[in-house]
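User: I am new to reading protein structures. Can you take me through some features, one at a time?

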Amino acid sequence: MISKLPLYSPRWRDLDGVKAEEVEALLEQMASASATGSGEAWKQTWTYLAAGLMNDGTVSDGAYAALPHLVEAAAALPPGQTVDFWVDLGCIVTADYRPPVPADLEAGFGAALRLAERAAIRSLLAAETAAQARAHLALSCVAFAGHHMGEALGRFLDLRDSGLLLVCPECGSDTEISEFLADAARPPSEVPELPDPAHVREGGHPWGEVAEAVQENALGEEWESFLRVARGVAAAGVPAETPGQAVLCLVAGVVAVNGPLQQAATELACQLMSLTGYFRCWDCEQTWTIADGLAENPDGARPRVHPTAALTDHDGPAASVDSTVAGPAGEAATRFRRDGNVVLAADGTPWGRISVFAESAPDASGGVNALAVVSGPGRPTLVAGAGDGGSLCLWDVVDGRLVHGPLPGHPDRIRSMTALPLPDDHVLLASGGDTGTIAVWNPVTGQPVREPAGDWPGGVTGMCTATIPDGRTLLVTATPRGAVRLWDPETGECVGRLNPYGSPIQSIAAVPIAADHTLIAASDTAGRLHMWDPAVDDPWETGAAVQLNARALADADHRVAAVAAVPTHDRTVLATGDNRGVVVLWDPATGAPIGDSLPFSTGTAGLPLITATTLRDGRTVVVTGTQHGHRLRIWEPETGVVEHIALDVGLNCLATAGPDLIAGHDRGVLSLPLTRE
């Protein structure tokens, strides 16, 4: 008998998630099943009650009172009937959010876990269950033993999903390995160490029969050393200090024990045994055991210095730790990291210096949400940025010195900006606000050309500049309600409209097709891409605009969320990005895709940010990140090389000024070189 809160105690009224009457009803059904040796009604009642004990990953404090009663009743049932119960209990004790056990319930709950461990191991050895259920049950037993590796249960509830998401113990970055469990024909190159003989669980344990059941020859000669580790872990009773790698050997070894579907069990055991290898975090570049990446804050986790092989976040096959990560076309990619204000290349040598723009948060609560680069003949290049408060700043791009600002003038938050180079070599700056206001500024003086005007619902979510063959330069604005207008920037007069279908617009860009002719590309909230010719008066007429190839978009399942113009050595092309992190280049003359796309990579999902530039040596690079994310990818489309940078700020917007990247973030603006200084 274990200590339990009496069902008649008024204490139940203070507990969440369960009522004493519900526990009592379930106990009666379980007692009936125990007496007759059969009966399934209790399982349905348990499923309903368990939903109250753990709701959306959060355990209720009532679980600590109910489980001692239920564990004792389940332990009296035939072992083959309780497999699902023990797995459900394992999910509860390893849930993400578990409140502390109340002091008056602590002794009873602790005793319940010890009893659950013994009873669940009996089910593990006696029940002829499918391989996947056996893996779940083994991890539940590990959880009841108090080992952190039991937390992996939540990661493997659906073992049909071959992907693997690991969390770096050092920096917390996610590393995804796709198709990891698809093939495990060969064991990892290194065998985990046998448990230290000094680390044996005190006070006795129920794992001895498990050690006897795990046969070293169950998977073939090449796996014998791994199963030897499994037997050692079980013989020691799975003490808390056992490395996670070794515990995973035990889980795989238990799955290999004869079951009703031996071939499936053998395959799954080999796949699980592959979890004893290593992975390299894409962000901090340190190498860890996969077991360390499966648990949150695992005890004893430490980076590995010289493992033979480690998995990366790109593909399943193992790659040498010292080699570079393959890019989308197989070329080498370089991972950068930040050390203070210096960007270091993968070899540890300095790449360049990050420049932080002075006083670069017009509104400290939201950082800088919009950027524009302003340059003109004989004038220094300026960077304009704006935050939530409606104020605007202009900085010198060379040294980050504040030239003008913060400049008041907008009655609302500035959401978009663009530079307007006019035919007479002077340049204006336009800004669009949260409530639909449009302002035009003189960047030389920092003063508004006129008062902000306009009031369009949904705000001005995008701006760009269009040049048309009659010599005019027009401001193009877009709203999420589908209004795309053309404006004379000096008079403020609306001179045309695009988007005849009225699709809500979330991103817009100007794509030059000649020195005096610009097309407008826009993505709507449904993921469709539109091309318009602002030189055509009738918005229903296509003019020079060619729509993107519909079959290519459909085949790639590419739902466009952002657009950007990409300058190359002989023309400007269009870049489109989706919420998976994929970026595709398109020929605006034909609507056809160009070359290989930039594929998805870990940490790139979300609303995309895209910018591009041509470097001094003529190479074109595309820089992409995600809004509020911390990671950047620098892609050279011609060669397929991809470089990665992780920043310690949340990104809001991107721009380029020559060979420098400008990033507006949650605390201001910074720049960093796109080529080695």
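User: Is T276 buried or exposed?

Analyst: Start with the ground rules. This is a predicted model, where local features need pLDDT of at least 70, side-chain atom pairs count only at pLDDT 80 or more, and totals for chains, interfaces and linings use all residues. Residues are numbered from 1 along each chain as its sequence is written, and side-chain values use heavy atoms, with hydrogens and water left out. Now the term: buried means under 20% relative accessible area, exposed over 50%, and partly exposed in between, with a 1.4 Å probe and protein chains only. T276 has a relative accessible area of 0%, so T276 is buried.

User: Where does T276 lie, and what does T276 touch?

Analyst: T276 lies in the loop between α10 (262–273) and β5 (278–280). Helices (H or I, at least four residues) and strands (E, at least two) are DSSP runs, numbered from the N terminus. Contact means heavy atoms within 4.5 Å. Leaving out residues up to four places away in sequence, T276 touches P188, P192, F226, Q245, L248 and C249.

User: How much of the whole protein is buried?

Analyst: Of its 677 residues, 53% count as buried. The secondary structure comes to 12 helices and 38 strands.

User: Which strand holds T518, and is T518 buried or exposed?

Analyst: T518 lies in strand β26 (residues 517–524). T518 counts as buried because its relative accessibility is 5%. Beyond neighbours within four places in sequence, its contacts include T465, A466, D533 and P534.

User: What about A51?

Analyst: A51 is found in helix α2 (residues 41–53). Its relative accessibility is 48%, so A51 counts as partly exposed. The C-alpha atoms of A51 and V18 are separated by 9.5 Å, and these residues are 33 residues apart along the chain.

User: How are two packed helices described?

Analyst: Use the angle between their axes and the distance between the axes. Axes are lines fitted to C-alpha atoms, for helices over the stretch in contact, and angles run from 0 to 180 degrees between N-to-C directions. Take helix α3 (residues 63–75) and helix α4 (residues 83–93): their axes come within 11 Å and cross at roughly 155 degrees. That makes α3 roughly antiparallel to α4. Angles under 35 degrees count as roughly parallel, over 145 as roughly antiparallel, 65 to 115 as roughly perpendicular and the rest as oblique.

User: Which residues make the contact between α3 and α4?

Analyst: From α3 come L67, L70, V71, A74 and A75, and from α4 come F85, W86, L89 and I92.
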